[in-house]
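Look through the sequence and the model below before reading on. The paragraphs that follow go through a few of its features in turn.

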Amino acid sequence: MESKPSDKTLFAMDLTAMMAVEQLSQETKQPQEKVLLDFMESNAAKMLYDDSTKLWWDGPSATAQEFKSL
């Protein structure tokens, strides 16, 4: 059975997502709301919230880069 991430890990994932979205919004000059919707529908978000990938460990810049590369 797959274990669920702890509340602290989920908080770190959420914070990483929001910081990545802010970075992507600044880079693309698009509203954060649009970038957030695009990000949350992406494979990068799936990877971020899959604790086995540990993408959140690498921080928001790596997460933003993963989003851009997909």
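Leaving aside its neighbours within four places in sequence, which residues is Ser25 in contact with? They are Gln30, Pro31, Gln32 and Val35, where contact means heavy atoms within 4.5 Å. The model is predicted: local features need pLDDT of at least 70 and side-chain atom pairs count only at pLDDT 80 or more, while totals for chains, interfaces and linings use all residues. Residues are numbered from 1 along each chain as its sequence is written, and side-chain values use heavy atoms, with hydrogens and water left out.

Ser25 belongs to helix H1. Helices are DSSP runs (H or I, at least four residues), numbered from the N terminus. Ser25 counts as buried because its relative accessibility is 9%; buried means under 20% relative accessible area, exposed means over 50%, and partly exposed lies in between (1.4 Å probe, protein chains only).

Helix H1 covers residues 7-28 and also holds Met19. With 41% relative accessibility, Met19 is partly exposed. Met19 is part of a nonpolar surface patch with Phe11 and Leu15, and together they have about 310 Å² of accessible area. Such areas come from the Shrake-Rupley method with a 1.4 Å probe, and for residues only the protein chains shown count as cover. Patches are made of residues with over 30% relative accessible area and no salt bridge; like charges are joined within 9 Å, and nonpolar side chains (Val, Leu, Ile, Met, Phe, Trp, Tyr) within 5 Å.

Next come the charged pairs. Side chains of opposite charge can pair when their charged atoms come close. A salt bridge here is a side-chain nitrogen of Lys or Arg within 4 Å of a carboxyl oxygen of Asp or Glu, and the count by this rule is three.

One of them joins Lys68 and Glu27, at 2.9 Å from N to O. Lys68 is in helix H4 (residues 59-69) and Glu27 in helix H1, so this pair ties together parts that lie 41 residues apart in sequence. Lys68 is partly exposed at 43% relative accessible area, and Glu27 is partly exposed at 41% relative accessibility.

Another salt bridge links Asp38 and Lys34, whose closest N and O atoms are 2.7 Å apart. Both residues are in helix H2 (residues 32-40), and because they are four residues apart, about one helical turn separates them. Asp38 is partly exposed at 30%, as is Lys34 at 40%.

Lys54 and Asp51 also form a salt bridge, with 3.2 Å between the closest N and O atoms. Lys54 has a relative accessible area of 27% and is therefore partly exposed; for Asp51, the value of 23% also means partly exposed.

Notes
Helices (H or I, at least four residues) and strands (E, at least two) are DSSP runs, numbered from the N terminus.
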